[in-house]
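My notes follow in the order I looked things up.

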Amino acid sequence: MGAKTGLLVYADGEVPELLRRVGAADRDRTATMVRRLYPGWEVEEREGSSLADAVYPPKGTVYAASWPGVEVIGDRGMMIDLPSQLPEHLVAASAGRRLVLHNMHSVVDWLAFAVWENGRLVRSLSLSPDDGIMENIGEPLPFEQSYWAGEHPADVIPWPDEDEEPYPLPFHPLEMGEDALRTLCGFIQEGRSEANDVHANHIRLHGFRVRDPHGPTPVKQEAELQGAGEAIAPSIFYTFGPDGLLVESNDL
């Protein structure tokens, strides 16, 4: 799957310390939290997942758990380019608490994370090699310092037959992303585990199917996807002719 996260955490303190002490999350308590954070949405219970796999659920699925002192939500709908634009009601729910957002997507080397304290944004960073730094709010957190100082240069291998060009960022976003995930939430997606890491494979989250009643229905979404596919011109395949030149093939 690669490193992909759409993770939101509300906590009464440091998230790693709180997650190290959690037990089984109460389903009713968790369902109440989900309905509060998705007001007016249709919410149906479904099979759950471990925290390690719940950070990037299928579209339309939310994995969540609510314990006294800490609440966790995995939802790819939380993956937004500008963390400062997280919906206001989600930020308001963090009054008196810490709120952590962590997003990564390995396909485009994108990282975005943010921290709010008592509803106030104190740090937000979003960047990728294609789009550069999209958001950079607040002072860098301690774990970031060595990256900005150039101590973790990106080691990117170019594609065959492509000239090697300097990586457009001073570090690889996914490398910082793993450090951000460990520092802010206590575990990692990829890389070498450490003795003090949270055992994300052992923490269970409940599953929910969520749907915005004002959004497109699954049938409409499928129709839109089909229409987009039909709008794409058919692929043209070529093969070598007897004279060694490329000719269009009708056999595929």
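**Entry 1: a facing pair.** I started with Phe-113 and found it opposite Leu-125 in strand S7. A reminder to myself: this is a predicted model, and every value below is computed from it.

**Entry 2: S6 and S7.** Next I looked up how the two strands run. S6 and S7, the latter spanning residues 120–128, are antiparallel and joined by seven bridges. They make a hairpin with two residues between the strands.

Entry 3: Which strand do eight bridges join to S6? I found that it is S5, residues 98–105, and that this pairing is antiparallel too. Within it, Met-104 has Leu-111 of S6 as its bridge partner. S5 and S6 also form a hairpin, this time with four residues between the strands. Asp-109 in that hairpin takes a positive phi near 55°.

**Entry 4: how enclosed is S6?** I went through S6, residues 110–117, for burial, and seven of its eight residues are buried. The strand is therefore largely enclosed by the rest of the structure.

**Entry 5: aromatic pairs.** I turned to the rings and counted four aromatic pairs. One of them is Tyr-38 with Trp-41: the ring centres are 5.4 Å apart and the planes stand at 70°, so I logged the pair as edge-to-face, the cut-off being over 60 degrees. Are these two residues buried or exposed? Tyr-38 is buried, at 6% relative accessible area, while Trp-41 is partly exposed at 33%.

**Entry 6: Trp-148 and Phe-171.** Here the ring centres lie 5.0 Å apart with the planes at 85°, so this pair is edge-to-face as well. I looked up where the partners sit, and the pair links distant parts of the chain, 23 residues apart. Trp-148 belongs to helix H5 (residues 145–148), and Phe-171 is in the loop between H5 and helix H6 (173–185). Phe-171 has 0% relative accessibility and so counts as buried, the limit being under 20%. Trp-148, with a relative accessible area of 29%, is partly exposed. I also noted that ring pairs tie Tyr-147 together with Trp-148 and Phe-171 in a cluster.

Note on methods. Residues numbered from 1 in each chain as written. Predicted model: local features only at pLDDT ≥ 70, side-chain atom pairs only at ≥ 80, totals over all residues. Heavy atoms only, no water. Buried < 20%, exposed > 50% of the residue type's maximum accessible area, 1.4 Å probe, protein only. Pairing = 2+ DSSP bridges. Phe/Tyr/Trp six-rings, centres within 6.5 Å; stacked < 30°, edge-to-face > 60°.
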